[in-house]
Amino acid sequence: MSTTDSADSILIENTLAGDEGAFAELVKRYQCAVWAVVHRTLGNTPDNEDAVQEVFLRAYTALHKFDLKYPFGPWIMRIATNYCIDQLRRKKGRRTQLWSELNEAEQERLLADMSREGNPEPGIAEGTADYVKVAQALLEGLNPKYRVAFILREVEERPYEDVARCLGTSEVAARVRVSRARAELQKKFRAYLSGQKRKERKVQ
Amino acid sequence: MTKPCDLFDSYRDGDLSGVETARFDAHLAACPDCRGKMALLDNLALILKQDPAVLPADLSVRIAKKAFQRNETWDAIVLSWLRPGPAFAALLLVGLLFSTLWIIPNYQPTNAFSEYEKLLGEANAVNIDSSISQIQSEAELVVWLEQEAKSQ
């Protein structure tokens, strides 16, 4: 079992002793990882900064309960993933307006590019706005637990052991969630590709 | 029996042995379903890996400041007392106080006057009319007792 990094331990102890600078340093060490998960899970919204802030404030409130026998990274990531899952559940009713913004031909082109094998389209490699919207639309509606598991494994490229720790589940459960997310994404993508989902959205 | 498509996740996660990987490679070449899924996931991950949003430079300082400010507000202090340890101790104390009051509900300090009141109550109960019933305080009782002693 790995323990908290000694530098983290000192920062945590100093934070609990009332050192504001120590907490700022602790935030600095993990803010990129938290930001990445929040940004990729919730999408690029103006609220992301507030979300990162809320994750660290929750961590600060619970810091006295943190056991220094365990590493700090997965603990803060677990708070972040729980926060994201919470937010996704709350946002369930709201949908992004992707398909109404793009015409039929554009939608078909983007979707065809997404399923193209071999070298990716330059727009995909650069992550241009339209492709990001397609990606977000595909992730939307995915069970929040599967969505976070997918982001941690496929986008963050974390080992399953780490994914499990972040999700607070067993490694087997983490694998199942990622597998279901992949299968669900393929199913949704096929529906989009056939135009069925796009029509549903237009009706809505 | 496991179908070749069922090994998709193990293949993608790099969990297959060399022989199994070669076998799945052959399957992939013949299965448009698995190929399409692989391409979609590759492209999707690639798009999501791009992170155009830049982290604000002073975010960590602002977060720490807010955390410590929040710590000083009265509601945070009250909330801090709601932590399991102190909350349990407070509950235990309140419980002890209540149980003490409940166990000795009729407790009253005993003195001569309270004893007198008790006797008077008993006397009234059997309709004994006496000068003793005129006494209103402990001092008057003492005087009455002295007079009674002298008269005897």
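The model is predicted, with local features requiring pLDDT of at least 70 and side-chain atom pairs counted only at pLDDT 80 or more, while totals for chains, interfaces and linings use all residues. Residues are numbered from 1 along each chain as its sequence is written, and chains are lettered from A in the order in which they are written.

**Chain A overall**
- Chain A contains twelve helices and zero strands, where helices (H or I, at least four residues) and strands (E, at least two) are DSSP runs numbered from the N terminus.
- Of the 204 residues in chain A, 38% are buried, that is, they have 20 or more other C-beta atoms, placed from the backbone, within 10 Å of their own.
- Among contacts in chain A between residues at least 6 apart in sequence, 66% join residues at least 24 apart, a contact being two residues whose C-beta atoms, placed from the backbone, lie within 7 Å.

**Helix 2 of chain A**
- Helix 2 (residues 20–42) of chain A spans only 29 Å between its end C-alpha atoms, whereas a straight helix of 23 residues would span 33 Å at 1.5 Å a residue, the expected span being 1.5 Å times one less than the number of residues.
- A kink of about 50° in this helix is centred on A:Tyr30, the bend being the angle between axes fitted to the seven residues ending there and the seven starting there.
- After helix 2 of chain A comes A:Gly43, with a positive phi near 85°.

**Contact between the chains**
- In the interface, 30 residues of chain B are in contact with 39 residues of chain A.
- On the side of chain B that touches chain A, helix 3 (32–49) and helix 4 (59–72) of chain B are the elements giving two or more residues, and helix 3 of chain B provides the largest share, 13 residues.

Methods: A residue is buried if 20 or more other C-beta atoms lie within 10 Å of its own, exposed if 12 or fewer, and partly exposed in between; C-beta atoms are placed from the backbone.
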